[in-house]
Amino acid sequence: TDAIHSLDTLDEQKFERITRRKGHSAVMKSLDTALALLRPPTSSNRQPGLQSVKINNVLTRSTNLSELTDFVRLTQHHPISVRFIEFMPFSGNKWDKDEMVPYDEALGIIKGEFGDDNVVQLQNEDGDGTSKRWKIKGWKGEIGFISSMVCLVSLLRQIERPDDLAERPFLWHVQPSANYC
């Protein structure tokens, strides 16, 4: 069993502004509780406890990009997985292409802060996975990037005719690269 927390900020006031309610301390306490309930990595699945603790974070330029490395630092002493999700257009979320922080930009910031040689890519055990996984050398946890928006754009560009894409102008503002998908 996994414990998955959605947490877009570590700042209490920003948390209240984003969620429109109090509760930051309760979320942080539940995260501490989940970490305390983790099974040792060598234990069997029959032993009580959590298999993993994950934080999902929707990264946006104006809301929480400034906290990117703070979230990464959570992995230093805790076997936690912090997953950064690319901001995607959904009905009602006021999507703005300028708010999206692409995977390679976020990874570049992390490498700039912690050193290019210290940030290593991990292989997914099943050969595929929801996120591209990375780790800071010597730290207990890991980070991941879920960049499905750019992957979707890349796929649509491959299967649709250019005339169809002209009807979806937002697709031309996202530039996929080989590093994304």
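In which helix is the place of Ser25? Ser25 belongs to helix H2 (residues 24-36); helices (H or I, at least four residues) and strands (E, at least two) are DSSP runs, numbered from the N terminus.

## Basis of the model

This is a predicted model, in which local features need pLDDT of at least 70, side-chain atom pairs count only at pLDDT 80 or more, and totals for chains, interfaces and linings use all residues. Residues are numbered from 1 along each chain as its sequence is written, and side-chain values use heavy atoms, with hydrogens and water left out.

Ser25 is exposed, with a relative accessible area of 54%. Here buried means under 20% relative accessible area, exposed over 50%, and partly exposed in between (1.4 Å probe, protein chains only). From C-alpha to C-alpha, Ser25 and Leu10 are 9.9 Å apart in space and 15 residues apart in sequence.

Ser131, in the loop between strand E4 (119-121) and strand E5 (132-136), is buried at a relative accessible area of 9%. Leaving aside neighbours within four places in sequence, Ser131 is in contact with Arg83, Asn124, Gly144, Phe145 and Ile146, where contact means heavy atoms within 4.5 Å.

## Aromatic pairs

The structure holds four aromatic pairs. The ring centres of Phe71 and Phe84 are 6.5 Å apart and the planes stand at 85°, so this pair is edge-to-face. The pair links distant parts of the chain, 13 residues apart: Phe71 in helix H3 (residues 68-73) and Phe84 in strand E3 (residues 81-86). Rings of Phe, Tyr and Trp (its six-membered ring) pair if their centres lie within 6.5 Å; planes under 30 degrees apart count as stacked, over 60 as edge-to-face and the rest as tilted.

Phe71 is buried at 1% relative accessible area, and Phe84 is buried at 2%. Phe71, Phe84, Tyr103 and Phe145 form one aromatic cluster.
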